[in-house]
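Biologist: I am new to this structure and would like a short tour. Could we look at it together?

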Amino acid sequence: MKVRRVVMGIRSVDDWRAAVKREVKRAAAGRRVRATESLTFENAAALRHFFSDKRLELLRAIREHRPRSIKALAECVGRDFKNVSAEVHYLSRLGLVELGKETGAGTKGRRAPRVACDRIELRISL
């Protein structure tokens, strides 16, 4: 697996806009633009809400148990399939989980979840 890291942080909307403007100016001037994968939250409450105990439990279970399907993941963590499926698809849209298709007899198009990064870094600007 390719080593991949996702940077998460807390920054105000104004700080985020300023950073985007700086990068656009760099690109317009023909200078190299820094490519980073990041998720930014406006405040600590939003970050805490995102990293619920249940989401962290899912990420850890995917990493440790490498389930063959979302159903197997739900059974592993003892939660309802529908809720686990919704969480996994949400994490997939954010780029934290990848859903690979399994092939072979009897797989019925199952999608095996995999953690998409090796590390999550948290940056908080003061």
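Modeller: Let us begin with L39, which is found in strand β2. Please keep in mind that this is a predicted model.

Biologist: Is L39 buried or exposed?

Modeller: L39 has a relative accessibility of 16%, so L39 counts as buried.

Biologist: Which residues does L39 touch, not counting those up to four places away in sequence?

Modeller: L39 touches V7, M8, G9, L94 and L96.

Biologist: And how many Å separate the C-alpha atoms of L39 and L122?

Modeller: The separation is 9.5 Å, although L39 and L122 are 83 residues apart along the chain.

Biologist: Let us step back. How many helices and strands does the protein chain have?

Modeller: The chain has five helices and five strands. Starting at the N terminus, the order of the elements is β-α-β-α-α-α-α-β-β-β.

Biologist: What share of the residues is buried?

Modeller: Of the 126 residues in the protein chain, 33% are buried. As for contacts with a separation of 6 or more, 61% of them join residues 24 or more positions apart.

Biologist: Which residues of the largest nonpolar core touch the most other members?

Modeller: That core has 23 residues, and M8, L73, V84, V88, L96 and V97 are the ones that touch the most other members. At least two residues of the core come from each of β1 (5–10), β2 (38–41), α2 (44–50), α3 (53–65), α4, α5 and β3 (97–101).

Biologist: What is V88 in contact with, leaving aside its neighbours within four places in sequence?

Modeller: V88 is in contact with I70, L73, V97, L99 and P113.

Biologist: At what angle do helices α4 and α5 pack?

Modeller: Helix α4 covers residues 70–77 and helix α5 covers residues 81–93; they pack at about 115 degrees, and their axes are 9 Å apart. The crossing of α4 and α5 is right-handed.

Biologist: Which residues meet there, in α4 and in α5?

Modeller: From α4 there are I70, K71, L73, A74 and V77, and they meet F81, V84, S85, V88 and H89 in α5. Sorted by class, this contact has seven nonpolar, two polar and one charged residues.

Biologist: Turning to aromatic residues, how many aromatic pairs are there in the whole structure?

Modeller: A search finds three aromatic pairs. In one of them, F41 and F50, the ring centres are 5.4 Å apart and the planes are at 45 degrees, so this pair is tilted. Both F41 and F50 are buried.

Biologist: And how are the rings of F50 and F51 arranged?

Modeller: Their centres are 5.0 Å apart with the planes at 80 degrees, so the pair is edge-to-face. F50 counts as buried because its relative accessibility is 3%, whereas F51 is partly exposed, with a relative accessible area of 22%.

Biologist: Which residues do the ring pairs link into a cluster?

Modeller: The ring pairs link F41, F50, F51 and Y90.

Biologist: One last residue, please. Where is R55 found?

Modeller: R55 is found in helix α3.

Biologist: Why does R55 count as buried?

Modeller: R55 has a relative accessibility of 13%, and buried means under 20%. Not counting residues up to four places away in sequence, R55 touches H49, F50, E87, Y90 and L91. Two of these contacts, F50 and Y90, also belong to the cluster linked by ring pairs.

Conventions: Residues numbered from 1 in each chain as written. Predicted model: local features only at pLDDT ≥ 70, side-chain atom pairs only at ≥ 80, totals over all residues. Heavy atoms only, no water. Axes fitted to C-alpha atoms, helices over the stretch in contact; angles between N-to-C directions. Helix = DSSP H or I, 4+ residues; strand = E, 2+ residues; numbered from the N terminus. Left-handed = near helix turned anticlockwise from the far one by under 90°. Contact = heavy atoms within 4.5 Å. Nonpolar A, V, L, I, M, F, W, Y, C, P; charged D, E, K, R; others polar. Core = buried A, V, L, I, M, F, W, Y, C linked by side-chain atoms within 4.5 Å. Buried < 20%, exposed > 50% of the residue type's maximum accessible area, 1.4 Å probe, protein only. Phe/Tyr/Trp six-rings, centres within 6.5 Å; stacked < 30°, edge-to-face > 60°.
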